[in-house]
Structures are given as structure tokens and as C-alpha cells.
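Open the structure in your viewer and keep the selection tool ready. We will go stop by stop, picking something and then looking at what surrounds it.

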Amino acid sequence: MKVRPFDWRDLPALHRVRDRGVYLHSALVLTRGPMLIPGALLSSFAPGVGIFTSISFNKQAQLFGQIIQPTGAQCAQLTFLAPSEALESENLHVLLEHLSSQAVERGAFRLLADVDEGSLAFEMLRQAGFAIYARQRIWRLNDGPVNEEKPMSWQAATERDLIAVRSLYNNLIPGLVQQVEPFPAERLRGLVYRQGGDLLAYLELKYGHRGIWAQPFIHPDAEGVVEDLMRRLPNLPRRLSQPIYVCVRSYQSWLEPAIERMGAESSPRQAIMVRHLAIPQKAVRTFALPAIEGGQPEITAPISRVSQSEAAKTANPQAEKHYL
């Protein structure tokens with residue numbers, strides 16, 4: 001069994017299995033498309049973009065896999081495995097080990113994957129060391145923009161909202177999820193909702209030529225915010241006629257009834273899985289002791305040899321009479 005990075009000569013074989021792949025990055029697929037072949041070519045000619053495609057093969061089967069890891073990110077995302085019928089072969093474990101080592105070399109601590117719970121890929125990833133840390137359901141809105149006044153409660157997020165959004169994130173997101181997906185350090189990309197001067201909701205947005213990904217973080221005390229959000233979504237800026245995909249995580253499942261009343265279509269429930277690759281630890285920094293009074297520090301210190309009786313006297317002066 002062998003494994004190696006994707007080469008442009010593998011393009012015909014990858015093209016033959018392009019319709020039999022398992023896609024494991026929902027936000028990427030729904031906003032930009034599968035990116036199977038374009039991503040593979042980028043990984044071959046421009047590895048610096050953070051896309052890595054590899055192939056594992058033996059005499060019986062071959063399996064392609066790809067991860068994406070932006071520069072400086074602590075998490076790498078598994079984007080696809082193809083073909084699906086090769087997932088039960090030994091190629092899967094060899095391929096995942098190879099991709100994981102590439103992610104670790106770039107500073108990743110975790111490898112993530114979005115997978116339908118009822119699929120074969122779910123069972124195979126669990127056997128390969130992946131564990132569930134959250135679940136999600138994706139709702140598709142097909143309605144076009146409506147000609148009505150936009151609710152003014154939702155505003156574009158700015159740098160001044162960063163602390164308030166971070167506080168909302170820490171209060172809403174379970175600790176287990178925060179360990180895997182810490183609050184993003186990059187600038188906010190989305191909308192915020194204020195009520196009485198308090199920031200009670202944040203809507204993260206990702207745009208692509210295929211659609212718009214919207215992930216809400218809403219405080220349970222916000223009254224009517226879900227209905228207000230659903231009125232706001234059809235009129236998102238720069239939407240044109242693109243579909244909108246609302247990602248609802250399991251810890252925000254109380255949002256789903258209001259979304260369903262708007263006629264949105266639901267996808268099967270997905271498991272958000274993680275494979276831990278490394279444990280971050282603080283590096284210990286050593287400091288050299290300065291020289292005293294202009295002298296040079298000694299390389300070694302003399303070891304004084306003390307007899308057992310003298311040591312006993314030092315530890316217990318009252319025992320001196322015993323030795324006398």
C-alpha cells in the first residue's frame with residue numbers, strides 16, 4: 001500500500017470518480033461548490049494556499065482525499081474523500097495519517113469533518129479516530145429578496161462589536177465546542193442584533209458564487225429575534241438570487257421551529273467530528289543568570305562533602321550531645 005501527494009498525472013483518475021465522492025466541508029460546498037478538481041490542481045501547483053490533496057492506493061483500490069488549512073489556522077478541514085466505495089479499504093487509514101501529518105507540519109492541532117450521521121463515511125471516520133463534538137442541521141431558503149422595509153435591529157458588525165460578540169460566543173457555546181473551535185481572531189463578517197443597547201445576537205456570513213452561508217448565535221433572552229432574522233435574511237446585502245443556507249447547531253436547536261415556519265428546507269442531521277492531532281503546550285524559555293560583580297558565572301558548583309554526623313547536627317542541634 002502506498003500514499004503520496006496528488007500529481008497532475010492523477011487528474012484522469014480523479015475525474016472518473018468525481019461523482020462518487022463524499023464531501024465533508026458543508027460551508028465550502030454550499031458556497032463555492034465541491035472544489036474537488038480545482039482544489040486538487042491548486043494543491044499540486046500552489047501548495048502555499050493551504051490545500052493538500054493526496055492519493056492512497058494498492059492493487060485493489062485507490063482513494064483520494066483533501067484537506068484545507070488557511071495559513072495560521074489551528075484546525076484543518078477534511079473536504080472530500082473519493083470514491084465512496086473505497087472508504088472501507090485500508091487505504092482510508094493510511095490516507096488520513098498522511099493528510100494529518102501534513103496538517104501538523106503547518107501547525108494544526110485538530111482535523112475536522114462534517115458528515116451525515118446515517119452515511120458509511122460516519123462509521124468509517126469513527127473507526128479512524130474521529131469523535132463527535134457537535135451536531136448541525138442546514139436549512140435552505142429559496143425565497144428571493146422582498147420589497148419591504150428592512151428591520152433596523154440588525155446592523156453590519158464593526159470592530160467596536162468585537163468584545164460584545166466574543167462575550168456572547170463564550171456564553172452560548174459549550175466549552176467542548178470552544179476547545180475545538182475557539183473564537184475567530186479575524187475581523188467580524190456578519191450582522192449584529194441589539195435590543196435595548198445590549199448585543200443579543202450575531203449572524204456570521206460567508207459569501208460564495210453558489211450561495212450564502214449564515215450561522216446565527218442568538219441569546220435565548222432575545223424576544224422575537226428569530227422572526228426578525230427571518231425577515232432580514234431575504235434582503236441580505238450582495239445576495240442577488242443566491243440561495244441562503246442557515247446552519248443551526250445542536251446547542252441552538254430552539255431556532256429551528258421559527259425557521260421551519262418560513263418554509264425553509266432541512267438537510268439530514270450532520271455530525272461535526274474532530275480528530276485530535278497534537279496537544280498545544282507552552283514552550284519553556286530558559287534565562288541565563290547574570291554575572292555577579294563583573295565576574296564570570298561558574299560552569300559547575302563545588303559539592304561539599306559532609307559527614308553523616310555533621311549533617312545530623314545541622315538538621316537537629318539537640319542531637320549534638322548524642323554524638324559527643
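Predicted model: local features only at pLDDT ≥ 70, side-chain atom pairs only at ≥ 80, totals over all residues.

**Stop 1: the cysteines.** C75 counts as buried because its relative accessibility is 18%, and the cut-off for buried is under 20%. Now pick C247. C247 is buried too, with a relative accessible area of 1%.

**Stop 2: F57.** Select residues 51-57, which form strand β3. F57 is in this strand. Is F57 buried or partly exposed? Its relative accessibility is 24%, so F57 counts as partly exposed. Next, show what touches F57. Beyond its neighbours within four places in sequence, F57 is in contact with M1, K2, R4, Q62 and N91. Pick R4 from that list. F57 and R4 are 53 residues apart along the chain, and their C-alpha atoms are separated by 9.0 Å.

**Stop 3: H98.** Move to helix α4, residues 91-105, and select H98 there. H98 counts as buried, because its relative accessibility is 18%. Which residues does H98 touch, not counting those up to four places away in sequence? They are V3, R4, P5 and S54. A polar contact of 3.3 Å joins the side chains of H98 and S54.

**Stop 4: V17.** Find the loop between α1 (11-16) and β2, and select V17. V17 has a relative accessible area of 6%, so V17 is buried. Leaving aside neighbours within four places in sequence, V17 is in contact with F64, A82 and P83. Now select P83. In sequence, V17 and P83 are 66 residues apart. In space, C-alpha to C-alpha, V17 and P83 are 5.6 Å apart.

**Stop 5: helix α8.** Select residues 225-232. Why is helix α8 largely enclosed by the rest of the structure? Because six of its eight residues are buried. Colour the buried ones in α8: V225, V226, D228, L229, M230 and R232. Then look at what covers these buried residues of α8. The cover includes β7, β8 (154-156), β9 (190-195), β10, β11 and α9 (256-261).

**Stop 6: the largest pocket.** The largest pocket has a volume of about 1500 Å³. Select P70, P184, E186, E204 and K206. Of the 42 residues lining the largest pocket, these are the closest to its centre. Several elements give two or more residues to this lining: α2 (26-32), β5 (75-82), β6 (110-116), β7 (131-141), α6 (162-172), β10 (198-207) and β11 (212-218). Which element gives the largest share of the lining of the largest pocket? That is β10, with five residues. Colour the lining of the largest pocket by class, and you get 26 nonpolar, seven polar and nine charged residues.

**Stop 7: the second largest pocket.** The second largest pocket has a volume of about 300 Å³. Select Y23, S26, D116, I138 and Q270. Among the 20 residues that line the second largest pocket, these lie nearest its centre. The elements giving two or more residues to the lining of the second largest pocket are β2 (22-23), α2, β6, β7 and β13 (265-266). By class, the lining of the second largest pocket has 10 nonpolar, six polar and four charged residues.

Technical notes: Residues numbered from 1 in each chain as written. Heavy atoms only, no water. Helix = DSSP H or I, 4+ residues; strand = E, 2+ residues; numbered from the N terminus. Buried < 20%, exposed > 50% of the residue type's maximum accessible area, 1.4 Å probe, protein only. Contact = heavy atoms within 4.5 Å. Polar contact = N/O pair within 3.5 Å; in protein donor to acceptor, adjacent residues only side chain to side chain. 1 Å grid on protein atoms, 1.4 Å probe; cavity = no way out; pocket = protein on both sides within 12 Å on 5 of 7 lines; lining within 4 Å. Points joined across faces, edges and corners; volume = space filled by probe spheres on them. Nonpolar A, V, L, I, M, F, W, Y, C, P; charged D, E, K, R; others polar.
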